[in-house]
Amino acid sequence: MLDFDYYNPTHIVFGQNRLEELDKLVPPSAKVMVTFGGQSAKKFGTIDNVVEALGQREVIEFGGIEANPKFETLMEATKLAKQHDVDFLLAVGGGSVMDGTKFIALAANYASDEHQNILFNGFTPVPTESALPLGCIVTLPATGSEMNMGGVVTLNGQKMVFMSPLTFPTFSFLDPDLTLTLPKEQIANGVADAFIHVIEQYLTVPTQAMVQDRTAEGILKTLLEIGPVTYQDNDDIEARKNFIWSATSALNGTIGAGVPQDWSTHMIGHELTALFDIAHGRTLAIVLPHLLRERRDHKRDKLIQYAERVWDIHTGTDDEKITKAIDNTEAFFNSLDIVTHLSHYGIDEEGIEKVIKNLENLGMTALSESGDLSLDIVRKILLSAK
Ligand code: NZQ
Ligand code: ZN
């Protein structure tokens with residue numbers, strides 16, 4: 001196991017009908033900006049309930065944070081927050097709203113007007129000293145943003161990652177009832193996203209991190225079991241609760257502590273979203289099976305472990321086990337009606353070159369847990385995903 005620091009201050013409020021507890025968690029004198037997306041949170045009454053739970057506090061609303069939030073939209077929100085001297089942010093939505101709100105939290109307290117700098121640090125924490133405190137009401141389980149310190153914002157047609165311990169939510173509400181209005185395809189996206197968050201921290205090279213490995217395998221097995229149930233059956237609330245907690249646990253830092261990580265699928269997937277507007281989880285499901293086939297020698301030991309412990313494949317040679325595990329993984333995404341080929345989304349070789357160009361512009365030319373996944377290999381992966 002590698003050395004690590006683990007820090008996570010987010011208070012999770014899990015369960016149905018607990019929104020009134022907001023009153024205990026938001027400072028009584030706070031001036032709150034409630035942020036939300038296109039329309040769902042408003043249309044389904046969540047914003048009204050949140051505002052009611054905030055009681056006498058002064059509330060400013062900012063709606064319109066789009067899926068894959070844009071820098072410009074978030075700067076508008078930042079301006080509004082500054083104008084009103086807001087001192088607490090409350091995100092009501094999925095990953096896009098939560099990430100966007102984290103950005104607003106940083107930008108609102110950032111001395112310089114050149115807010116773009118905040119975004120340029122990738123996985124290294126941004127060099128800011130303070131941020132507005134924020135809380136989250138999660139309406140879409142997927143990204144884990146509700147219990148981590150990262151965010152992704154679209155700037156100039158590219159996905160920019162930022163991290164800061166200052167953006168850990170103070171609290172996050174995980175209420176399964178708030179997710180019942182999700183269209184089926186968003187459930188599928190969320191299952192794929194959570195699954196692949198685990199894979200990117202688990203399917204690398206062995207490091208004898210037994211707790212992290214077995215926890216990762218537990219989350220993967222849970223998603224395999226309850227993902228399809230939640231996709232098919234909106235009323236199975238216990239399955240949904242397990243889906244929600246799987247998604248949060250997949251990216252709250254626990255399984256990633258002390259292990260090598262490979263975020264290649266995410267980095268490639270992000271640019272598929274930025275260029276072709278394919279939902280985040282879907283882009284990952286397209287890339288991952290093809291990446292695993294390309295990297296099967298590199299990831300051999302962990303792939304065998306994955307085959308045996310996650311897919312219970314105990315017969316055949318090691319190579320047969322690996323092939324079956326990767327095929328099963330792709331079939332799992334397909335069973336959620338996620339098509340795992342680029343041609344389905346109208347992306348041809350020209351489109352693939354655009355992805356390569358974006359990665360190059362972002363300096364992402366040496367991806368993976370060992371930094372040896374070059375753009376030529378990315379090209380090969382994407383061509384095989386055609
Ligand atoms: O905008 P509205 O109308 O609210 O509709 C949203 C949106 O169109 C809808 N939705 C959300 N909750 C709903 C609902 N519709 C009905 N009922 C509900 N209860 O769902 C659509 C998608 O929402 P979005 O927030 O974009 O999805 P997701 O949670 O998958 O977030 C994706 C974003 O998170 C980033 C991605 O890059 C992308 O920008 N990620 C953030 C990460 C993090 N912070 O750690 C890690 C991830 O890997 C990911 O990169
Ligand atoms: Zn993701």
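Reply: A residue is called buried under 20% relative accessible area, exposed over 50% and partly exposed in between, with a 1.4 Å probe and protein chains only as cover. This is a predicted model, in which local features need pLDDT of at least 70 and side-chain atom pairs count only at pLDDT 80 or more, while totals for chains, interfaces and linings use all residues. Residues are numbered from 1 along each chain as its sequence is written, chains are lettered from A and ligands numbered from 1 in the order in which they are written, and side-chain values use heavy atoms, with hydrogens and water left out.

Me: Which residues come nearest to ligand 1?
Reply: A residue is near a molecule if one of its heavy atoms lies within 4 Å of it. There are 32 residues around ligand 1, and those that come nearest are G38, S40, G95, S96 and D99.

Me: How do the residues of the shell around ligand 1 divide into nonpolar, polar and charged?
Reply: Ala, Val, Leu, Ile, Met, Phe, Trp, Tyr, Cys and Pro count as nonpolar, Asp, Glu, Lys and Arg as charged, and the others, Gly among them, as polar. Sorted in this way, the shell around ligand 1 holds nine nonpolar, 20 polar and three charged residues.

Me: Why does ligand 1 lie between two domains, and which are they?
Reply: The bounds of the domains come from an automatic or database domain assignment. Ligand 1 lies between the two because its shell takes residues from both domain 1 (11–178) and domain 2 (184–384).

Me: Which helices and strands each supply at least two residues of that shell around ligand 1?
Reply: Helices (H or I, at least four residues) and strands (E, at least two) are DSSP runs, numbered from the N terminus. Those that each supply at least two residues are α5 (95–108), β6 (150–155), α6 (184–202) and α9 (264–276).

Me: How much of the accessible area of ligand 1 does the protein cover?
Reply: Oxygen atoms of ligand 1 lie 2.8 Å from a polar backbone atom of Q39, 2.8 Å from an N or O atom in the side chain of H197 and 2.8 Å from a polar side-chain atom of H270. Accessible areas come from the Shrake-Rupley method with a 1.4 Å probe, and for residues only the protein chains shown count as cover. Of the 960 Å² that ligand 1 has on its own, the protein covers 87%.

Me: How many residues apart in sequence are the parts that the pair of F14 and W245 ties together?
Reply: Rings of Phe, Tyr and Trp (its six-membered ring) pair if their centres lie within 6.5 Å, and planes under 30 degrees apart count as stacked, over 60 as edge-to-face and the rest as tilted. A search of the whole structure finds ten aromatic pairs. The centres of the rings of F14 and W245 are 6.2 Å apart and their planes are at 85°, so this pair is edge-to-face. Since F14 lies in strand β1 (residues 11–14) and W245 in helix α8 (residues 237–250), the separation in sequence of the parts tied together is 231 residues.

Me: Is F333 buried or exposed?
Reply: F333 forms a tilted aromatic pair with F332, 5.9 Å centre to centre and with 45° between the planes. F332 has a relative accessible area of 6% and is buried. With a relative accessible area of 0%, F333 likewise counts as buried.

Me: Is D277 buried or exposed?
Reply: D277 sits in the loop between α9 and α10 (280–294). D277 has a positive phi of about 60° although it is not a glycine. Its relative accessibility is 64%, so D277 counts as exposed.

Me: How far from a polar atom of the side chain of N8 does the backbone oxygen of N252 lie?
Reply: N8 belongs to the segment before β1 and is buried, with a relative accessible area of 18%. A polar atom of its side chain is 3.0 Å from the backbone nitrogen of T10. For the backbone oxygen of N252, the distance to a polar atom of the N8 side chain is 3.1 Å.

Technical notes
Polar contact = N/O pair within 3.5 Å; in protein donor to acceptor, adjacent residues only side chain to side chain.
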